[in-house]
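Welcome! Here is a friendly walk through a structure that may be new to you, from its overall make-up down to single residues.

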Amino acid sequence: FTTTEINRNREMAAVLSKSPPLPRLGRLPAWMAALSLVGLLWPSPPGVAGELEPVSNSPAAPALALPDLGDRVHRLDDYSGQVVLVNFWATWCPPCVAEIPSLQRLHRSLSGQPFALLAVSMGENKQQVQEFSEKAGIDFPLLPDPAADVSQRWEIDFLPTSHLVDAQGHLRYSAYGEVNWDDDEVRATLRALLEEIDPGSAPAD
């Protein structure tokens, strides 16, 4: 892709998703822009669905500790005993933006359940994420990762990337690309993880 083609695709995706205009490539941190241009960090094409795939051997999830927009620090260890969806995204990534409405519905539908959603904004500062959040009306925790330290620890090279962590802190499922979190199979996977915590308590859709 040329820079012009990349920017055109982002603007088209913004229109289709009725989201605010996305930053052009030149506003990305230099190292992220460079990785994007050589294909080492790039969002999935708009409309390409990501699928939850089981993680082989269910390894322990990497450490995560980041402040949200209200400066509350979220540590993955603090969510022991809950199912945690860790979503890596960025405001400049069209499929990430397109995924947000279904993430919002998922978050609201599982309110009161042992479930948490943590959205890590890769390579973006608090102000960038705050401005986007206010326009989009997001009410789940957004965790800016300006130096991408956590993103690198989780070996993120594709956006969006989602990981489902079980109540024991193990990586159980991963998805690369935009996921429809309203999908029946996706919800069934989440219910199964919740059932492991308290059989019979997972909500029916």
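Helices (H or I, at least four residues) and strands (E, at least two) are DSSP runs, numbered from the N terminus. This is a predicted model, where local features need pLDDT of at least 70 and side-chain atom pairs count only at pLDDT 80 or more, while totals for chains, interfaces and linings use all residues. Residues are numbered from 1 along each chain as its sequence is written, and side-chain values use heavy atoms, with hydrogens and water left out.

**The chain as a whole**

The protein chain holds 6 helices and 10 strands. Of its 205 residues, 48% are buried. Here buried means under 20% relative accessible area, exposed means over 50%, and partly exposed lies in between, using a 1.4 Å probe and protein chains only. A contact means heavy atoms within 4.5 Å. Among contacts between residues at least 6 apart in sequence, 69% join residues at least 24 apart.

**The core**

In soluble globular proteins, nonpolar side chains tend to be buried together. A nonpolar core is a set of buried Ala, Val, Leu, Ile, Met, Phe, Trp, Tyr and Cys residues joined through side-chain atoms within 4.5 Å. The largest such core has 51 residues, and those touching the most other members are Leu64, Val86, Phe115, Trp154, Leu159 and Trp181. Elements that give two or more residues to this core include β5, α3 (94-109), β6 (115-122) and α6 (184-197). The most comes from β6, with 7 residues.

Tryptophan 181 deserves a look of its own. Leaving aside neighbours within four places in sequence, tryptophan 181 is in contact with residues including Leu52, Leu85, Glu99, Ser102, Leu103 and Leu106.

**Aromatic pairs**

A pair of aromatic rings is described by the distance of the centres and the angle of the planes. Rings of Phe, Tyr and Trp (its six-membered ring) pair if their centres lie within 6.5 Å; planes under 30 degrees apart count as stacked, over 60 as edge-to-face and the rest as tilted. By this rule there are 2 aromatic pairs.

| Pair | Centre to centre | Angle between planes |
|---|---|---|
| Phenylalanine 88 and tryptophan 154 | 5.6 Å | 50°, tilted |
| Tryptophan 89 and phenylalanine 132 | 5.5 Å | 55°, tilted |

Tryptophan 89 lies in strand β5 and phenylalanine 132 in helix α4, 43 residues apart, and their pair links distant parts of the chain. Both tryptophan 89 and phenylalanine 132 are buried. Phenylalanine 88 counts as buried at 0% relative accessibility, and tryptophan 154 is buried at 6%. Because phenylalanine 88 lies in strand β5 and tryptophan 154 in the loop between α5 (149-153) and β8 (158-159), this pair ties together parts that are 66 residues apart in sequence.

**Helix α3**

How far apart are the end C-alpha atoms of α3? They are 24 Å apart, which agrees with the 22 Å that its 16 residues should span at 1.5 Å a residue. The expected span is 1.5 Å times one less than the number of residues. There is a kink of about 35° at isoleucine 100, shortly before proline 101; the bend at a residue is the angle between axes fitted to the seven residues ending there and the seven starting there. Among the buried residues of α3 are Cys96, Val97, Ile100, Leu103 and Leu106.

Aspartate 166 is in the loop between β9 and β10 and counts as buried at 6% relative accessibility. A polar atom of its side chain lies 2.9 Å from the backbone nitrogen of glutamine 168, and the side chain of aspartate 166 reaches the backbone nitrogen of histidine 170 at 2.9 Å. Glutamine 168 also has its C-alpha atom 6.3 Å from that of serine 80, 88 residues away along the chain. Serine 80 sits in the loop between β4 (73-75) and β5 (83-89), and at 59% relative accessibility it counts as exposed.

**Backbone exceptions**

Most residues other than glycine have a negative phi, and most peptide bonds are trans. Glutamate 155, in the loop between α5 and β8, has a positive phi of about 60° and counts as exposed at 68% relative accessibility. Aspartate 71, in the loop between β3 (65-67) and β4, has a positive phi near 70° and is exposed, with a relative accessible area of 53%. The peptide bond from leucine 159 to proline 160 is cis, with omega near -10°, and proline 160 is found in the loop between β8 and β9.

Note on methods:
A polar contact is a pair of N or O atoms within 3.5 Å; within protein, one must be able to donate a hydrogen and the other to accept it, and residues adjacent in sequence count only if both atoms are side-chain atoms.
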